[in-house]
Amino acid sequence: MAEIPQLVTHQSLLVSDQSKPIIKKSVKVLAEIPNLNTIPSNYDYYSNTTNKIPLEEHYYQGSEQEDSVPIIDFSLLTSNDPDQRSKVIQELSRACQDWGFFMLINHGIQEKAMKAAIGACNGFFNMEEEDKLEYEGSHPLHGIRYGTSFNVAKDNVFFWRDFLKLMVHPHFHCPTKPLELSEVLLDYSRRNREVAMELLEGVSESLGLEKNEMQKELELESGYQLFVANYYPPCPEPERAIGMPPHSDHGLLTFLIDNGIGGLEIQHNGKWLPINTTIPNAILVNVGDQLEVFSNGKYKSVLHRAVLNNKVTRLSLGFANGPSLEATLSPATKLIQTTNCVPAYIAIKYKDYLELQQTNQLKEKSCLESLKNQLIN
């Protein structure tokens, strides 16, 4: 298996940069300072020379029809009617290929389960800081990690965001506080995984493969499912800071819901498009890096970012549904055989890819691009 070029070595992934202090204070604590009207300079994202273009100059100007994220009806995917199933698989293919994002409706997860998960996670972030710091983790494969920004040991500028990351499959990990969090998330993650597995079967078929092809090649029965709760408190200067910078996700498909406060934007046709996530009981789904690899570039992971406001807190919950940590990621074997094309990505174990992406600076799709660059070079 080839090594990844132009990224830090595996050994250095486990070592913090001692020249930078690790930030213990959360953004929530910072945002609650009385009469705070400016942000610290190390949160000033747009003073960085590589990020000088103002947000408003990036926005997508399309027609009402063009700028509507596709909607996929999950109930048709599980229908016994072969015509309905065939139609929605074609729609799924177009959504993954043309957008990389879609809204999933009629998925069977009850709205009260979603609201319970949001409420329980909000309860976690509202705990005392010392209670949350009990769950601070440093390595991306730790079962529970509470922190701020993305990777404070590597970030040149910090992001206005606190997070809680939990491995929920193949083993379930969760803080013991608040008391309801574990029970709520255990049920919610199980329901999300059931939908994800069914949806990935449809995605496999949309690529012209057998519906269980992805499951076999990527060992999805023991697939790594990461839950991430993102907490974006009000920012006194939202035009200078950012919640999360442009990036793609590391898994196959990511499921996202939020508390109804806008802030997510995706890149579409080279411009940024604000996403409406208030469709009742809908889940926003996006293509991750490993689906781009598995499809040999037919379905591409899409850059997205989180912007801020100065009035209310935004809370988003995401599930990154991925392969087994021990699975070797590469374009689907049968896809390469049937299309008679060259693999566009080198092979890498998912565990190694995850560590590389999570322990370096978050720079758009730099980790995924490195898989293509080595092949070209």
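Predicted model: local features only at pLDDT ≥ 70, side-chain atom pairs only at ≥ 80, totals over all residues.
**Overall composition**

The secondary structure of the protein chain comes to 11 helices and 14 strands. Of the 377 residues in the chain, 54% are buried, and among its contacts with a separation of 6 or more, 80% are accounted for by residues 24 or more positions apart.

**The eight-stranded sheet**

Eight strands form an open sheet with mixed pairing, and their order is β1-β2-β10-β7-β12-β5-β4-β3. The edges are taken by β1 and by β3 (144–148), each of which pairs on one side only. On average, and with direction ignored, neighbouring strands of this sheet are turned by 25° against each other.

Strand β2 (residues 101–105) is mostly covered, with four of its five residues buried. This strand pairs with β1 (residues 71–73) in the parallel sense over three bridges, where Asp73 stands opposite Ile105 in β2. With β10 (residues 283–287), β2 pairs in the antiparallel sense over four bridges, and here Phe101 stands opposite Asn286 in β10. Elsewhere in the sheet, β4 (residues 162–169) and β5 (residues 225–232) pair in the antiparallel sense over seven bridges; the bridge partner of Leu166 in β5 is Phe227.

Two helices are placed against these strands. Helix α4 packs on the sheet and touches β3, β4, β5, β7 (253–258), β10 and β12 (314–321), its direction making about 110° with that of β12. Helix α3 lies across β1, β2 and β10, and runs at about 150° to β1.

**The four-stranded sheet**

A further open sheet consists of four strands in the order β6-β11-β8-β9, with antiparallel pairing. Because β6 (244–247) and β9 (271–274) stand at the edges with a single partner strand each, one side of each is left without a neighbour in the sheet. Neighbouring strands are turned by 20° against each other on average, direction ignored. Within this sheet, β8 (residues 264–268) and β11 (residues 304–306) pair in the antiparallel sense over three bridges, and Glu265 stands opposite Arg305 in β11.

**Helix packing around α6**

Helix α6 (residues 179–206) packs against α3 (residues 82–98) at an angle of about 80°, with the two axes 9 Å apart; α3 and α6 are therefore roughly perpendicular to each other. In this contact, Arg85, Ile89, Leu92 and Ser93 of α3 meet Leu199, Gly202, Val203, Glu205 and Ser206 of α6. The residues of the contact divide into four nonpolar, three polar and two charged.

Helix α4 (residues 111–125) also packs with α6, at an angle of about 145° and with the axes 9 Å apart, and the crossing of α4 and α6 is left-handed. The α4 side of the contact is made by Ala113, Met114, Ala116, Ala117, Ala120, Cys121 and Phe124, while α6 contributes Glu180, Leu181, Val184, Leu185 and Tyr188. In the contact of α4 with α6, 11 residues are nonpolar, none is polar and one is charged.

**A mostly covered helix**

Helix α10 (residues 350–359) is mostly covered, with eight of its 10 residues buried. Its buried residues are Tyr350, Tyr353, Leu354, Glu355, Leu356, Gln357, Gln358 and Thr359.

**Backbone details in the loops**

Most residues other than glycine have a negative phi, and most peptide bonds are trans.

| Site | Backbone value | Location |
|---|---|---|
| His169 to Pro170 | cis, omega near 10° | Pro170 in the loop between β4 and α6 |
| Lys177 to Pro178 | cis, omega near -10° | Pro178 in the loop between β4 and α6 |
| Asn106 | positive phi of about 55° | loop between β2 and α4 |

Asn106 counts as partly exposed, at 46% relative accessibility, whereas Asn296 is buried, with a relative accessible area of 15%.

Definitions and conventions
Residues numbered from 1 in each chain as written. Heavy atoms only, no water. Axes fitted to C-alpha atoms, helices over the stretch in contact; angles between N-to-C directions. Parallel < 35°, antiparallel > 145°, perpendicular 65-115°, else oblique. Contact = heavy atoms within 4.5 Å. Nonpolar A, V, L, I, M, F, W, Y, C, P; charged D, E, K, R; others polar. Pairing = 2+ DSSP bridges. Left-handed = near helix turned anticlockwise from the far one by under 90°. Buried < 20%, exposed > 50% of the residue type's maximum accessible area, 1.4 Å probe, protein only.
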